[in-house]
Amino acid sequence: RPHRRASHTHIEHETMAEASTRTRTALVLLAEGFEELEVVAPVDLLRRANVNVTLALVDDQAASSIAEPSLVVKGRNGLSLKADCMLSTWQPGALADLLFVPGGPGVKTLRENSHVLGLVKQHCAAGRLVGAICAAPTVLLEAGVLGTPPALRNITAHFSVFDVLPSCDKEAKVVVDGNIVTSQGAGTAIEFGLKLIEILIDGPTAQAISKAICF
């Protein structure tokens, strides 16, 4: 079945003039054990494209009870990032133009978090762009946004989760189906980030950034 390209009009309730001038926003969900390359590469590229990116640390109930919880989160390979905010402080009901879910062992935390699953559902329902890489498409599965047979979304993911994901393309590095963009893993993170820019901003911007980084 051919892959459907994502629409550039996924941001609803805006005129074309408003959409062309407004700064795009992205919300990145971070949990302990995130895959570093899968976060840093796309976020770097998005910020080069002048997207307003917010790194939100997915906090558990214990962390929520701390007056000033640490925003530093460690990736699977020991590299730490400082988030911009706790997810619990993200404005209720607010939607970003892009919701980005990275992979890594931290995916287990994301799959078990009702706030995360709710955000995935809300962004998908509103037609906002949702990106997931590596094992993160399992979060989309948990949220129930990948459809049901015979109307399954076309996706790809890391080979380690092929067996739990329906309609998974085992060859494509990046797959676009409607407003959902998926990718295989750390080695495809740059291609994934450029595709997000192509859809969120435009093709020439993605091409210019690709050239600038010698990709």
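Me: What separates D44 and R48 in helix α2, given that they are four residues apart?

Reply: In this predicted model, D44 and R48 are separated by about one helical turn, because they stand four residues apart in helix α2. An α-helix has 3.6 residues a turn, so residues three or four places apart point the same way.

Me: What makes the contact between D44 and R48 a salt bridge?

Reply: The side chains of D44 and R48 meet with 2.5 Å from N to O, and the cut-off for a salt bridge is 4 Å between a side-chain nitrogen of Lys or Arg and a carboxyl oxygen of Asp or Glu, so the pair qualifies. A search of the whole structure finds eight such salt bridges.

Me: Why are D44 and R48 called partly exposed?

Reply: D44 has a relative accessible area of 35% and R48 has 46%. Buried would require a value under 20% and exposed a value over 50%, so values in between are called partly exposed.

Me: How do you know that D97 and R128 form a salt bridge, and which parts of the chain does the pair link?

Reply: The closest N and O atoms of D97 and R128 are 3.6 Å apart, and the cut-off is 4 Å, so this pair also counts as a salt bridge. The pair links distant parts of the chain, with D97 in the loop between β5 and β6 and R128 in the loop between α5 and β7, 31 residues apart. R22 belongs with D97 and R128 to a network of salt bridges.

Me: Are D97 and R128 buried or exposed?

Reply: D97, at 1% relative accessibility, counts as buried, and R128, at 15%, counts as buried too; the reasoning is that buried means under 20%.

Me: What makes E142 and R111 a salt bridge, and where do these two residues lie?

Reply: The closest N and O atoms of E142 and R111 are 3.0 Å apart, a value to be set against the cut-off of 4 Å. This pair, too, links distant parts of the chain, since E142 is in helix α6 and R111 is in helix α4, 31 residues apart. E142, at 40% relative accessibility, counts as partly exposed, and R111, at 30%, is likewise partly exposed.

Me: Why do the buried residues of α8 line one face of the helix?

Reply: In helix α8, which spans residues 203-212, the buried residues are G203, A206, I209 and S210. Seen down the axis of α8, these buried residues fall within an arc of 135 degrees, so they line one face of the helix. The face turned away from the buried side carries the exposed residues P204, K211 and A212, while what covers the buried residues includes α2 and α7.

Me: Where is C134, and why is C134 called buried?

Reply: C134 is in the loop between β7 and α6, and C134 has a positive phi of about 65 degrees although it is not a glycine. Its relative accessible area is 9%, and the limit for buried is under 20%, so C134 is placed in that class.

Me: What makes β5 and β10 the edge strands of the sheet?

Reply: Seven strands form an open sheet in the order β5-β2-β1-β6-β7-β11-β10, with mixed pairing. β5 and β10 are the edge strands, as each pairs on one side only.

Me: Which residues have the most contacts inside the largest nonpolar core?

Reply: The largest nonpolar core has 35 residues, and those with the most contacts inside it are L27, L29, L87, L110, V120, V139 and L140. Helix α5 gives the most to this core, with five residues.

Terms used: Residues are numbered from 1 along each chain as its sequence is written. This is a predicted model: local features need pLDDT of at least 70, side-chain atom pairs count only at pLDDT 80 or more; totals for chains, interfaces and linings use all residues. Side-chain values use heavy atoms; hydrogens and water are left out. A nonpolar core is a set of buried Ala, Val, Leu, Ile, Met, Phe, Trp, Tyr and Cys residues joined through side-chain atoms within 4.5 Å. Buried means under 20% relative accessible area, exposed over 50%, partly exposed in between (1.4 Å probe, protein chains only). The arc is that of the directions from the helix axis to the C-beta atoms. Contact means heavy atoms within 4.5 Å. Two strands pair if DSSP finds at least two bridges between them.
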